[in-house]
Amino acid sequence: MPKVSIVMPAYNVEKYFRQCLDSIVNQTLADIEIIPVDDGSPDNCGKIMDEYAAKDSRVKPIHQTNGGYGNAVNAGINAATGEYIGIIETDDWAEPDMFERLYNRAKKMGADVCKADFRYYLGNNKFKNNNTLYKASKENLLFTIKENPLLMRCHVSIWSSIYKREYLNRHNIRVLETKNASYQDMPFAALVYAKGAKITLLHEALINYRFEDGMNSSTKRSDERLKVMPIMCQKAKEYFVENDCWDEVKEVAYRHFYNCSVGMWKATDENHKKAHFDELVKLFGNIEQENVQYKYINRKQKEVLKLIVANDFEGMMNRYKKVSFKDFLKKVILGRSNA
């Protein structure tokens with residue numbers, strides 16, 4: 001049994017794919033299984049992974065018709081045989097010792113999940129460290145989300161973690177297969193946490209998250225697909241409620257949901273803002289009935305939530321002038337916005 005199976009969903013990332021694959025085949029942890037998944041990619045991703053497979057028996061490609069991100073990740077998870085599973089997005093790249101360090105820490109702590117931090121790659125050899133996991137827990141601690149809900153303050157970044165395969169299979173945890181959706185990592189992480197995973201953290205950034213101009217990531221859109229952000233947050237909330245975790249995590253989770261879903265509303269095109277706002281109402285509409293104390297939500301954010309709870313779309317539009325997507329991202333990545 002390999003120590004770690006690394007699932008690599010690939011679609012239209014030929015420009016970056018070799019760098020990502022090189023970062024995995026050259027890991028200091030040699031006992032790995034590498035599962036690139038060609039999700040019907042229209043470029044040469046399928047040929048590239050076959051080329052690597054011809055040179056390295058650890059590379060075990062999957063070729064399938066396009067089913068979307070969730071379907072591709074799940075195909076890789078279903079094929080995995082490793083003790084732990086990692087998920088790498090194929091326009092990113094890993095540090096050479098990423099999986100050795102994650103695996104060794106997970107084994108030392110007896111963890112179901114071991115999560116590291118990450119850094120943004122902004123292009124032109126410029127990086128920005130995320131540096132948030134220290135806010136959730138010290139290293140060398142083992143906890144569940146009910147014991148330490150502060151993990152929900154952090155980016156879910158499911159691609160900076162490894163997961164015990166037996167744990168995922170025992171609880172039937174997979175990524176939602178919602179084609180053309182965004183932010184499917186949020187409900188996946190929520191379900192992993194909600195089922196009682198034993199979690200440990202590494203504060204060092206071990207993966208490079210590509211976030212440069214010209215990227216086609218879900219966080220660089222401005223179209224109607226951004227309204228799926230609050231939908232995915234609502235699904236995450238359902239998982240926490242179903243698994244008797246919501247009372248413990250709701251204060252922190254609502255702050256996380258605010259950051260992503262309200263932030264993306266600001267960046268959504270004018271003609272899609274109303275549909276996006278309606279999803280925000282569904283997500284936050286009952287917040288006052290849930291006895292939320294707003295421990296992690298500041299005054300300005302609370303004022304915005306009042307507009308959402310009141311279903312006051314005109315008030316929301318009046319509060320915010322059109323925010324350019326570039327300016328919004330600059331605030332999110334280079335300096336957190338609190339409005």
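**Entry 1: helix 10**

I looked at the outward side of helix 10 and found the exposed residues Arg299 and Lys306 there, on the face turned away from the buried side. I note here that this is a predicted model.

Next I listed the buried residues of helix 10, which spans residues 299-309. They are Gln301, Val304, Leu305, Leu307 and Ile308. How are these buried residues arranged, seen down the axis of helix 10? They fall within an arc of 155 degrees, so they line one face of the helix. I reminded myself of the general rule: an α-helix has 3.6 residues a turn, so residues three or four places apart point the same way.

What covers the buried residues of helix 10? I found that the cover includes helix 8 (246-267), helix 9 (273-284) and helix 11 (313-319).

Then I checked the two ends. At the start of helix 10, Asn298 has a side-chain oxygen within 3.2 Å of the backbone nitrogen of Lys300. Just after helix 10 comes Asn311, with a positive phi of about 55 degrees.

**Entry 2: helices 8 and 9**

Two of the covering helices were worth a look together. I found that the axes of helix 8 and helix 9 come within 10 Å and cross at roughly 170 degrees. Angles over 145 degrees count as roughly antiparallel, and helix 8 and helix 9 are therefore roughly antiparallel to each other.

I then wrote down who touches whom. Helix 8 brings Tyr254, Phe257, Tyr258, Ser261, Val262, Met264, Trp265, Lys266 and Ala267 to the contact. Helix 9 brings Lys273, His276, Phe277, Leu280, Leu283 and Phe284. Sorted by class, the residues of this contact are 11 nonpolar, two polar and two charged.

**Entry 3: helices 6 and 7**

I moved on to another pair. Helix 6 covers residues 185-194 and helix 7 covers residues 228-242. Their axes come within 8 Å and cross at roughly 10 degrees. Which way do they run, roughly parallel or roughly antiparallel? That crossing makes helix 6 roughly parallel to helix 7.

From helix 6, I noted Met186, Pro187, Ala190, Leu191, Tyr193 and Ala194. They meet Met232, Cys233, Lys235, Ala236, Tyr239 and Phe240 in helix 7. This contact has 11 nonpolar residues, no polar ones and one charged one.

I picked Arg210, which sits in strand 9 (residues 199-210). Is Arg210 buried or exposed? I found 6% relative accessibility, so Arg210 counts as buried. The cut-off for buried is under 20%. What does the side chain of Arg210 reach? It reaches the backbone oxygen of Asp91, at 2.6 Å.

I also picked Ser5, in strand 1 (residues 4-10). Ser5 has 0% relative accessibility, so it counts as buried too. A polar atom of the Ser5 side chain lies 3.4 Å from the backbone nitrogen of Thr81. I set aside neighbours within four places in sequence and looked at what else touches Ser5. I found Glu33, Ile35, Ala80, Thr81, Gly82, Tyr84, Ile85 and Gly86.

**Entry 4: the whole chain**

Last, I stepped back. I counted 12 helices and nine strands in the protein chain. Of its 339 residues, 57% are buried. I also looked at contacts between residues at least 6 apart in sequence. Among those, 79% join residues at least 24 apart.

Notes:
Residues are numbered from 1 along each chain as its sequence is written. This is a predicted model: local features need pLDDT of at least 70, side-chain atom pairs count only at pLDDT 80 or more; totals for chains, interfaces and linings use all residues. Side-chain values use heavy atoms; hydrogens and water are left out. Axes are lines fitted to C-alpha atoms, for helices over the stretch in contact, and angles run from 0 to 180 degrees between N-to-C directions. Helices (H or I, at least four residues) and strands (E, at least two) are DSSP runs, numbered from the N terminus. Angles under 35 degrees count as roughly parallel, over 145 as roughly antiparallel, 65 to 115 as roughly perpendicular and the rest as oblique. Contact means heavy atoms within 4.5 Å. Ala, Val, Leu, Ile, Met, Phe, Trp, Tyr, Cys and Pro count as nonpolar, Asp, Glu, Lys and Arg as charged, and the others, Gly among them, as polar. Buried means under 20% relative accessible area, exposed over 50%, partly exposed in between (1.4 Å probe, protein chains only). The arc is that of the directions from the helix axis to the C-beta atoms. A polar contact is a pair of N or O atoms within 3.5 Å; within protein, one must be able to donate a hydrogen and the other to accept it, and residues adjacent in sequence count only if both atoms are side-chain atoms.
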